[in-house]
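Thank you for making the time this morning.

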Amino acid sequence: MSKTTSVELGGIGQAVKRKEDSRFIQGKGRYVEDFYLPGMVYGAFVRSPFAHARVKQIDTSAAMKVPGVLAVITAKELHGVKLAWMPTLAGDTQAVLADEKVLFQSQEVAFVVAESQYQAADGVAAVEVDYEELPVVIDPFKALEPNAPILRTDKKDQKSNRIFHWEVGDKKATEDAFRKAGVVISQKTHYQRCHPAPMETCGCVVDHNPATGHTDIYMTSQAPHAHRTVFALVAGHAGLVEHKTRVIAPDIGGGFGNKVPVYPGYVLAAVASVILGRPCKWIESRSENIQSTGFARDYHTTTELAATKEGRLLGLRVKTVADHGAFNAHANPSKWPAGLFSICTGSYDIPAADVQVDAVYTNKAPGGVAYRCSFRVTEASYIIERAMDSLARELKMDPTELRRKNFVRADQFPYATCLGWEYDSGDYHKAMQVALDAIGYDALRKEQAEKRKKGELMGIGISSFTEIVGAGPRSKFDILGLSMNDGVEIRVHPTGTVLARTGVKSQGQGHETTFAQIIAEELGIPESNITLEEGDTDTAPYGLGTYASRSTPVAGAATALAARRIREKAKKIAAYLLEASEQDIEWKDYQFQVKGVPGKAKTMAEVAFAAYTNPPPGMETGLETSYYYDPPNLTYPFGTYVCVLDIDSKTGEFKIRRFVAVDDCGTIINPMVVDGQIHGGLTEGFAIATMQEIRFDEQGNCLNGSFMDYLLPTAVETPRWELGKTVTPSPHHPIGAKGVGESPNVGSPAAFVNAFVDALSHLGVKNIDMPVTPWKIWRILREKGVA
Amino acid sequence: MSSHKVTVTINGQKRSAEVEARMLLVHFIRDYLRLTGTHVGCDTTSCGACTVLLEGQAVKSCTLFAVQAEGKTLQTVEGLAQGTALHPLQEGFKEHHGLQCGFCTPGMLMSAAGLLSRNPRPSEEEIRWGIAGNLCRCTGYQNIVKAVQFASDKMAKGG
């Protein structure tokens with residue numbers, strides 16, 4: 001019997017307490033705003049009050065007289081250094097500062113630099129801008145009408161407000177499926193505009209040294225290497241060459257996709273530092289964060305399902321109008337304009353599908369970021385899970401029965417979807433059964449029937465989602481041409497302790513702990529003897545960063561494989577030390593043993609010491625290596641969530657009675673960390689389903705641009721989560737892990753909304769768009785004569 | 001803008017600085033006293049990342065002027081541990097995974113400290129209401145509640 005991992009080793013599967021916590025609980029974390037450099041100045045934006053207007057004149061003379069103000073930068077100055085526009089990660093261009101006109105409310109118009117943040121704010125108030133208002137386009141459908149004003153007049157070839165039309169699937173086969181169908185449903189939904197809103201907003205401190213030409217950029221970055229490359233591409237001519245530019249992403253206070261794009265603030269802090277020869281800090285306020293950086297979703301979708309009368313799915317047709325705002329600044333892999341939205345066949349064996357997405361410019365803040373989501377999988381999961389419930393209702397079939405009938409079966413994996421994905425592994429029937437057993441589904445349905453007789457409202461919602469994460473294979477996945485692969489370096493020191501560095505960047509996920517656990521498992525070195533560093537482009541190997549649940553699938557795999565490379569060399573050293581041939585050495589019980597001679601063994605620490613003091617003749621000194629991982633496929637986490645809620649039929653107020661989440665993320669590295677991520681993701685899903693939407697009036701005024709009216713749930717509203725697991729390892733990942741951070745945010749909104757609609761379905765309610773608020777429910781109840 | 005000398009006793013130490021009348025307490029603590037554990041997460045007194053104890057009571061330091069703390073006693077997250085001995089709340093947060101990105105944690109700890117000083121044995125519901133002025137985006141609060149219960153239990157046993 002071989003030894004398995006132990007608490008002391010802290011390998012895979014152990015609920016190791018986090019290394020990160022010691023500094024955070026003592027106020028010793030170092031976030032971007034905590035950097036105070038000698039001579040540092042502060043930058044702040046003048047922002048547009050209008051959603052669409054010509055900038056006729058900017059008068060900076062009064063601002064320049066404000067005590068402490070050092071500079072006011074406008075598009076004119078940026079043209080002088082060829083930095084007025086920058087590329088977005090989606091291949092569009094974005095004005096760094098409004099160039100001739102503004103395209104959304106709160107757009108950056110001028111950047112004031114001063115000795116203190118208070119003086120910078122004084123300077124902002126003193127800048128006078130003369131605007132001439134232009135017609136505003138807010139509705140994305142109206143934006144597509146032939147007579148709509150064209151917003152992007154800066155782009156010569158832009159003849160409409162359409163950014164792209166993208167389609168995938170087989171139109172003819174889908175048409176045939178709908179023609180043959182016994183039942184067809186059509187469901188219109190809006191996945192509303194929401195915001196990642198991490199607790200730490202975006203910001204940076206840029207320190208350009210005019211003597212050496214080196215630039216240090218402390219930055220809220222989920223992708224430090226990619227950002228350094230972008231800086232070099234955009235501002236190389238202004239001195240930000242890649243070998244002299246160092247991006248440092250220190251502790252990051254949550255990201256959720258908000259910290260993937262490059263924002264004007266980063267560029268302007270760099271410009272200010274170069275111009276003034278002093279470090280410049282820019283930290284956005286919360287209102288600026290919600291109003292100008294990195295919104296998510298805003299998909300208006302019509303979903304149609306075709307099925308036999310017995311409930312066997314035949315075809316799926318999806319048409320989406322995607323509101324991207326003023327600049328196409330989403331952050332999808334280059335070859336995937338609508339991201340991984342074509343995962344929308346979900347957990348079901350659907351023979352034919354036709355999916356179309358039209359992306360549109362409007363006078364709203366730019367974005368479309370992957371908010372706790374692997375590139376539009378959240379939108380995809382939502383529409384299919386909502387449509388499955390609608391179809392079940394049409395068929396008068398229990399929604400679990402319809403799902404069971406159409407799930408991809410465990411024996412079908414690897415499963416090729418009709419839209420071109422190859423699901424790696426899964427057991428959807430099992431995950432759903434575990435969830436239904438945990439919640440006591442059959443009893444709940446009986447209770448619901450009885451309550452309905454009494455006029456009481458109770459809803460049960462199911463969501464059986466399939467995620468698609470770990471982008472990705474370089475043949476298909478790149479951002480601005482950069483392969484979506486990640487590097488890892490591992491150094492084993494002479495005394496047997498380890499320093500490892502990766503190209504990804506934790507924003508709370510706990511890599512310092514979980515990646516150390518992977519190495520502990522592979523090398524037999526206790527995790528407490530392993531330090532993991534990320535976020536400094538001068539020291540860490542290249543990688544595309546942490547978003548889209550890609551760290552464990554890509555960098556986690558690189559970590560395991562780098563450790564195995566270490567073990568290959570270590571084995572040779574062990575053979576030398578044990579005076580045996582390499583073929584006679586085996587890795588067993590976390591050490592090298594001579595086969596059949598249990599007492600004759602060397603630990604990794606002993607081998608490491610020899611690597612520096614007594615390596616075999618002819619072998620290089622030392623024990624270190626690196627590995628760049630190009631995944632052969634994506635990974636496909638899945639699960640079933642069940643929500644039970646009660647609604648007050650007189651007021652529309654509701655209470656989430658229970659929520660059971662059964663997740664399958666393959667091999668679990670640290671169950672404590674996995675559960676923590678699921679708690680957090682479910683809470684964000686709850687917020688989206690019941691509270692959050694960034695809304696605009698007809699003039700393009702943002703109606704809820706602060707935490708006063710863009711609501712985050714507190715501990716009081718947040719439901720108590722009940723978690724369960726199944727474990728179906730990924731067959732192609734070195735340790736079988738799939739990634740988990742986003743599953744709860746992807747899977748849960750549909751479970752909530754399905755429960756709300758279920759509670760009201762006997763009144764003829766077929767859809768309620770998110771956020772489902774008591775006010776919305778009350779209005780429906782009034783309309784139906786109930787309240 | 002008038003300027004004022006502000007003297008406070010913070011984490012047991014007397015500290016002074018000359019500040020503008022409009023200087024917010026949180027900026028005084030961070031920018032002048034360089035105690036950067038206290039964070040700023042919003043501009044509307046909503047998130048609680050800036051929570052500190054003023055005369056033993058949890059307050060949002062973004063919504064007080066520094067001059068209002070003149071002559072008063074402050075405690076921030078840096079003052080929770082006694083030497084190398086962690087406060088039971090700090091232990092609880094680590095033990096029960098009550099934090100992920102760590103940004104809300106200092107404010108959450110100080111709110112919980114304020115809660116336990118006025119109600120040493122809170123129920124789950126009372127804990128949830130006690131930290132309702134503090135937003136967390138990562139944890140869903142479930143483990144934070146457990147962490148506060150851990151601290152309450154430990155402190156009741158004299159720990």
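**Two chains and their interface**

Let me start where the chains meet: across the interface of chain B and chain A, the rule finds 5 salt bridges. Please keep in mind throughout that what you see is a predicted model. One of these salt bridges is formed by the side chains of Arg22(B) and Asp122(A), with a nitrogen-to-oxygen distance of 2.8 Å.

The size of an interface is often given as the accessible area lost when the parts come together. Here chain B and chain A bury about 4,500 Å² between them, and 54% of that area is on carbon and sulfur atoms. Within chain B, the residues that lose the most area to chain A are Lys94(B), His97(B) and Arg137(B), which together account for 19% of what that side buries.

Now to chain A taken by itself, whose secondary structure comes to 19 helices and 33 strands. Its radius of gyration is 28 Å, close to the 28 Å that the globule rule gives for 787 residues, so chain A is as compact as a globular protein of that length. Along the principal axes, the C-alpha atoms of chain A fill a box of roughly 85 × 75 × 50 Å. Buried residues make up 64% of the 787 residues in this chain, and among the contacts in chain A between residues at least 6 apart in sequence, 80% join residues at least 24 apart.

Is Thr303(A) buried or exposed? With a relative accessibility of 1%, Thr303(A) counts as buried, because the cut-off for that class is under 20%. Leaving aside residues up to four places away in sequence, Thr303(A) touches several others, among them Ile185(A), Gln187(A), Leu316(A), Val318(A) and Ile383(A).

Finally, a few words on the backbone. Most residues other than glycine have a negative phi, and most peptide bonds are trans. In chain A, however, the peptide bond from Phe413(A) to Pro414(A) is cis, with omega near -5°, and Pro414(A) sits in the loop between helix 11 (399-406) and strand 19 (415-416). The bond from Ala471(A) to Gly472(A) is also cis, with omega near -20°, and Gly472(A) is found in the loop between strand 21 (457-466) and strand 22 (478-479).

Turning to phi, Lys82(A) has a positive value, near 55°; Lys82(A) is placed in the loop between helix 3 (75-80) and strand 4 (85-87) of chain A, and is exposed, with a relative accessible area of 65%. Leu480(A) has a positive phi as well, near 50°, and while Leu480(A) also lies in a loop, between strand 22 and strand 23 (482-483), Leu480(A) is partly exposed, at 35% relative accessible area.

Note on methods
Residues are numbered from 1 along each chain as its sequence is written. Chains are lettered from A and ligands numbered from 1 in the order in which they are written. This is a predicted model: local features need pLDDT of at least 70, side-chain atom pairs count only at pLDDT 80 or more; totals for chains, interfaces and linings use all residues. Side-chain values use heavy atoms; hydrogens and water are left out. Buried area is the accessible area (1.4 Å probe) that two parts lose on being put together, summed over both. A salt bridge is a side-chain nitrogen of Lys or Arg within 4 Å of a carboxyl oxygen of Asp or Glu. Helices (H or I, at least four residues) and strands (E, at least two) are DSSP runs, numbered from the N terminus. The radius of gyration is taken over C-alpha atoms; the globule rule is 2.2 Å times the number of residues to the power 0.38. Buried means under 20% relative accessible area, exposed over 50%, partly exposed in between (1.4 Å probe, protein chains only). Contact means heavy atoms within 4.5 Å.
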